[in-house]
Amino acid sequence: SGSACGMMRLTMKGHRKVQLHVVGILLVSTIASHGAASTVSEAGMRLTQRASIANGVNASLVQAEMKQIADDLVAGVLKGEIKPDDPRLAEILTRLDRLESRMDSLEQLLTAKKEESVPAKEAKATTTASEEFKPTFKPSFYAQLEYKDSDQVDSAGNFIGQHALNFRRLRFGGTYQVDPQTGFKLVVDTASGNDRTEASLKDASVSWKSPDESMPITITAGQFALPLGMDLRRSSSVRLMPEYSGYNRSQFSGEFVRGITATYALTDGLSLDIYGGSSMTINDREQSGKGNMPFGRGAGMVALRFAQNGLEAGVSNFQGARPSLTGNEATNPEVWRNLWYFDASYKNLLVNGLVASVEFMVGNDRRPLRSPSPTAFGVAMTGWMAELAYHLPSGSIFGRAGLFDPNRDVDGNAIREYGLGYRHDISKATSLTFAYEWIDDPSGLEPRYKVATLRYQFKF
């Protein structure tokens, strides 16, 4: 019809690359309505069926040829210049045959493009990403310079506190990322030992993260902080109180162990940690200077953790041997360590910026002894701590209370801790902390002593 022809011409003039399916349909309907040869209609229909092929590749030349044929044929039919027996129809049919042949070539080209499989594309993308990745080294450093004043005395009345300015920690190291899945971490502390003048190895571990999203697991091997409970997981650079809670300082001094650990993400927010390695931390009194994992010093840990919407909670179980220790003509019996940890932390409790944290430890162990004793058997022990912190735009106000009962079968030997403090964030890399603590320890000549700490920290 005239309207169909006008629409077709308007479309062709407005867009150089016409859509073949539109042209083909208009061509077939126009020819059919004017009684043109059925062979021409069939040719147009075949081109229409192949229109999607041309649309899938760069077919501008085919589209232009289709436009010219449609112009000539429709104009001739509408004006009555071409009759069904007109020889000019043979020329147009020849042109249509050639065009259809070109469409066959385009169809083969598109089919070849589709034969590239999805796995091949993914492999190519993975190879490209691996080739583009460049290993990187990220250095790290943090220093804690502090003045500590303490009036602690032992059971004989000897002063064992301090009034001194020291580096509490002075750590150098970094992380080397070998590829997107593998990284190596090394950290050395040069402020170790009683006088804070010795160097000691802290972190020395290799971590690997699975590239398969269906297997979300991270494996770390070497020397690293024991992922037990909540308090030991916190880095000393972000923990608000100057030191770990009393039961962790006693039973897991130094917090670093040697072994292998795996973290598996079970669901959104829920993860499983599994550890196997040494049963004592590097600064344990019974461990120091005696090698880290001779026979009988292996241990294992399993932890289930949840973190979502400001809530973080976990339950952990640590089991391993605290081996027999001989010295000064006495021998400690071997003790099986079995300690359970339960912890929880909640952010923005009641008001924005208020964080409450609690941890509870219960189980069987003995306090590490420097001198062996034949009666140093394993005993039931308990420890807990509760911390409240209010985070301000430029710092944090915090307080902590805790208890460590090294033997629940003996009354009056529990050690209690209370502390308050303020941490001022000078910049992103520096902070200044003041903390004041009261510690009740029945083993000392003076059951209560006080510790004041002023600490400057720099970290990058």
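Arginine 239 places its charged end over the ring of tyrosine 244. The distance to the ring centre is 4.0 Å. This is a predicted model, and the values here are computed from its atoms.

Now the rings themselves. The chain holds 10 aromatic pairs. One of them joins phenylalanine 141 and phenylalanine 460. Their ring centres lie 5.9 Å apart, with the planes at 40 degrees. Where do phenylalanine 141 and phenylalanine 460 lie? Phenylalanine 141 belongs to strand E1, residues 136-150. Phenylalanine 460 sits in the segment after strand E18, which spans 448-459. The pair therefore ties together parts that are 319 residues apart in sequence.

Phenylalanine 141 has 17% relative accessibility. Buried means under 20%, so phenylalanine 141 counts as buried. Phenylalanine 460 has 51% relative accessibility. Exposed means over 50%, so phenylalanine 460 counts as exposed. Both rings belong to one aromatic cluster, together with Phe172 and Phe458.

Another ring pair is formed by tyrosine 436 and tryptophan 438. Here the centres are 5.0 Å apart and the planes meet at 70 degrees. Angles over 60 degrees count as edge-to-face, so this pair is edge-to-face. Tyrosine 436 is partly exposed, at 28% relative accessible area. Tryptophan 438 is partly exposed too, at 28%.

Asparagine 317 lies in strand E9, residues 311-322. Is asparagine 317 buried or exposed? Its relative accessibility is 12%, so asparagine 317 counts as buried. What does its side chain meet? A polar contact of 3.0 Å links it to the side chain of glutamine 319. A polar atom of the asparagine 317 side chain also lies 3.3 Å from the backbone oxygen of leucine 339. Beyond its neighbours within four places in sequence, asparagine 317 is in contact with Gly300, Met301 and Val302, and with Asn338, Leu339 and Trp340.

Step back to the whole chain. It has 460 residues, and 42% of them are buried. Eight helices and 18 strands are present. Take the contacts with a separation of 6 or more: residues 24 or more positions apart account for 56% of them. The phenylalanine 141 and phenylalanine 460 pair, 319 residues apart, spans such a distance in sequence. The chain exposes about 24100 Å². Carbon and sulfur atoms supply 58% of that area.

How values were computed:
Residues are numbered from 1 along each chain as its sequence is written. This is a predicted model: local features need pLDDT of at least 70, side-chain atom pairs count only at pLDDT 80 or more; totals for chains, interfaces and linings use all residues. Side-chain values use heavy atoms; hydrogens and water are left out. Helices (H or I, at least four residues) and strands (E, at least two) are DSSP runs, numbered from the N terminus. Buried means under 20% relative accessible area, exposed over 50%, partly exposed in between (1.4 Å probe, protein chains only). Contact means heavy atoms within 4.5 Å. Accessible areas come from the Shrake-Rupley method with a 1.4 Å probe; for residues, only the protein chains shown count as cover. Rings of Phe, Tyr and Trp (its six-membered ring) pair if their centres lie within 6.5 Å; planes under 30 degrees apart count as stacked, over 60 as edge-to-face and the rest as tilted. A charge sits over a ring if NZ of Lys or CZ of Arg is within 6 Å of the ring centre and within 35 degrees of the ring normal. A polar contact is a pair of N or O atoms within 3.5 Å; within protein, one must be able to donate a hydrogen and the other to accept it, and residues adjacent in sequence count only if both atoms are side-chain atoms.
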